[in-house]
Amino acid sequence: MTIRPLLLALPLMLTGCSTMANMHMPQMSWSSLNPINWFGSSLEVTDEGVGKVTASTPLNETAVNDGLNGDYRLMSGMSMSNGKMRSLYQAMDGKTVKLTVSGEPKGNVDRIVVSDPDVKSQWGVKIGTPFSDLYTKAFDACQKGQGDDAQNVECKAPNSQHVSYIFSGAWDGPDELMPSDDSLKNWKVSKIVWHAANN
């Protein structure tokens, strides 16, 4: 007698399952299911590199993607720097460039530019950190930025041979001059740069 109610309930349970299967679930990425990603990005800028991308990482899509934990969509490209051809990978989140990994064609990674606010340096510095939190003056630590960062200032990270911070902010003085320390104190980190070569 106890088997009959179960047989009657079974079609109802199966119907419920098929109805649930047809429901539209919110879009979810596999990376969001990774417990490491529940508390923000697991990548970090260190003196050795970014994440697992270091000076010994070959500049190819597989190696770069693995070193960045597969967190981004990679787009490859080429650029010119000081008259030399450079290979690069832009790590994208949607249409936004979060990191640029570059080096000599068919060589190893020698420069990484981080603009992802979720990626901090090992010293806790991130995009938006004020100049005044790290420096009291620019002398002996900072220089005018170059190329795309000509309007900015690049400063060597304290206690690091390979990391520097690009600061952006308002400055009314001549383009060729460094902003005053008083102006710089309100500038903020806009990029974190790792270089294979020493600062």
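**The surroundings of R86**

Author: Leaving out residues up to four places away in sequence, R86 touches G77, M78, S79, S81, S102, G103, E104, P105, D110 and R111. Contact here means heavy atoms within 4.5 Å. The model is predicted, so local features need pLDDT of at least 70 and side-chain atom pairs count only at pLDDT 80 or more, while totals for chains, interfaces and linings use all residues. Numbering runs from 1 along each chain as its sequence is written, and side-chain values use heavy atoms, with hydrogens and water left out.

R86 sits in strand β5, residues 84–93. Strands (E, at least two residues) and helices (H or I, at least four) are DSSP runs, numbered from the N terminus. R86 is buried, at 13% relative accessibility. Buried means under 20% relative accessible area, exposed over 50%, and partly exposed in between (1.4 Å probe, protein chains only).

Two of the listed neighbours also make polar contacts with R86. The R86 side chain meets the side chain of D110 at 2.7 Å. It meets the side chain of S102 at 3.1 Å. A polar contact is a pair of N or O atoms within 3.5 Å; within protein, one must be able to donate a hydrogen and the other to accept it, and residues adjacent in sequence count only if both atoms are side-chain atoms.

Now S168, in strand β11 (residues 163–168). S168 is partly exposed, at 26% relative accessible area. Beyond residues up to four places away in sequence, S168 touches N152, W187, K188 and S190. With S190 there is a side-chain to side-chain polar contact of 2.8 Å.

The whole structure holds one disulfide (a pair of cysteine sulfur atoms within 2.5 Å). C142 and C155 form it, with sulfur atoms 2.0 Å apart. This pair links strand β9 (residues 142–144), which holds C142, to strand β10 (residues 153–156), which holds C155. The S-S torsion is about 105 degrees, so the disulfide is right-handed. C142 is buried at 15% relative accessible area. C155 is buried too, at 0%.

Last, the chain as a whole. It has three helices and 12 strands. Of its 199 residues, 31% are buried. Among contacts with a separation of 6 or more, 53% join residues 24 or more positions apart.
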